[in-house]
Amino acid sequence: METVTNCPVCSSASFIPFLECKDYLVSNENFSIQECSKCGFRLTNPRPDSSSIGSYYKSDQYISHNDESSGLINSVYRLVRKYTLRSKLNLINKLNGGAGRILDVGCGTGTFLASCQQAGWEVEGMEPDKDARAIAAEKLRIDIHTDITDLKASNPFDIITLWHVLEHIPDLNETVPQLYRLLADRGTLLIAVPNSDSYDAHYFKQFWAAYDVPRHLHHFTPSTIVPLFKKHGLRLIDKKPMIFDAFYIAMLSTKYQHGKTDYIKSVQIGSKSNIESRRTGNSSSLIYEFKKL
């Protein structure tokens, strides 16, 4: 285990307890989430170090690393994913004015990049998990990078995406400058992360599935992610809700809370979260659109 001593956003060394959560997916261990007393940034602390974090991903239920995860919830996930893939493709085509050059960081098994490739995009991916990387390489017929530092800034990207990846990255102040380096001057960086200030996060508290400790090292909110990127030369252009995430997260959360999924309650809380997000902007998960200053 390792302990973070300074806030990644404001560098403060003062943290206060926020929440105690359990790893329901793999270990059943308890982990602490702390909050920076200066800027409010939340993080899992202490957390597994680089030599031990990999073991917390070893589950056949971890769907981004496995195209064949079983269970009704994961079947629903894959069904919805077909729709969200089209939405993501439409978004990047609109932002870029058509196909271009794209990098997907944390590309998993390459499903999103495959849809981009079929639509005429020149694709590259980065994925640290060797099993997921092998599936993506076979699917896309390209080499998948193991580290973002392997990529060269001499051939920048029109679009860089991180779909529910940033919360897993330990060194934010090393990674965000790398994203800036690889982004074309007029390119767009898309970051999708859970929002720990959403209605469903407040409702489920320690059972909120999107805390996903200890795999999620950071727990972003709109008020903390913007200054992180701003200090590295990236400005927020827009943010968009991910409406299906509220329902998927609620299904997992009710399972963690009661031992089995309550589908009626999941629909109720997911709907309430999406309704509240129209008023507050605090969707269960958000896509942030950044460009260079």
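**Salt bridges, within a helix and across the chain**

Modeller: Arginine 279 and glutamate 276 both belong to helix H8 (residues 263–280), where they sit three residues apart, about one turn of the helix; helices (H or I, at least four residues) and strands (E, at least two) are DSSP runs, numbered from the N terminus. This is a predicted model, in which local features need pLDDT of at least 70 and side-chain atom pairs count only at pLDDT 80 or more, while totals for chains, interfaces and linings use all residues. Residues are numbered from 1 along each chain as its sequence is written, and side-chain values use heavy atoms, with hydrogens and water left out.

Arginine 279 and glutamate 276 form a salt bridge whose closest N and O atoms are 2.6 Å apart, the term meaning a side-chain nitrogen of Lys or Arg within 4 Å of a carboxyl oxygen of Asp or Glu. Arginine 279 is exposed, at a relative accessible area of 63%; here buried means under 20% relative accessible area, exposed over 50%, and partly exposed in between (1.4 Å probe, protein chains only).

Searching the whole structure gives twelve salt bridges. One of them pairs aspartate 23 with arginine 215, with 2.6 Å between the closest N and O atoms. This pair links distant parts of the chain, 192 residues apart: aspartate 23 is in the loop between strand S1 (15–22) and strand S2 (30–36), and arginine 215 is in the loop between helix H5 (199–204) and strand S8 (218–219). Aspartate 23 and arginine 215 are both buried.

Another salt bridge joins aspartate 129 to lysine 58, where the closest N and O atoms are 3.8 Å apart. Here too distant parts of the chain are linked, since aspartate 129 lies in the loop between strand S5 (122–126) and helix H3 (130–140), and lysine 58 in the loop between strand S3 (42–44) and helix H1 (72–96), 71 residues apart. Aspartate 129 is buried, at a relative accessible area of 13%, whereas lysine 58 is exposed, at 52%.

Returning to helix H8, the loop between H8 and strand S10 (285–292) holds serine 284, which is buried, with a relative accessible area of 0%. Leaving aside neighbours within four places in sequence, the residues in contact with serine 284 (heavy atoms within 4.5 Å) include Asp200, Trp208, Asp245 and Ser273.
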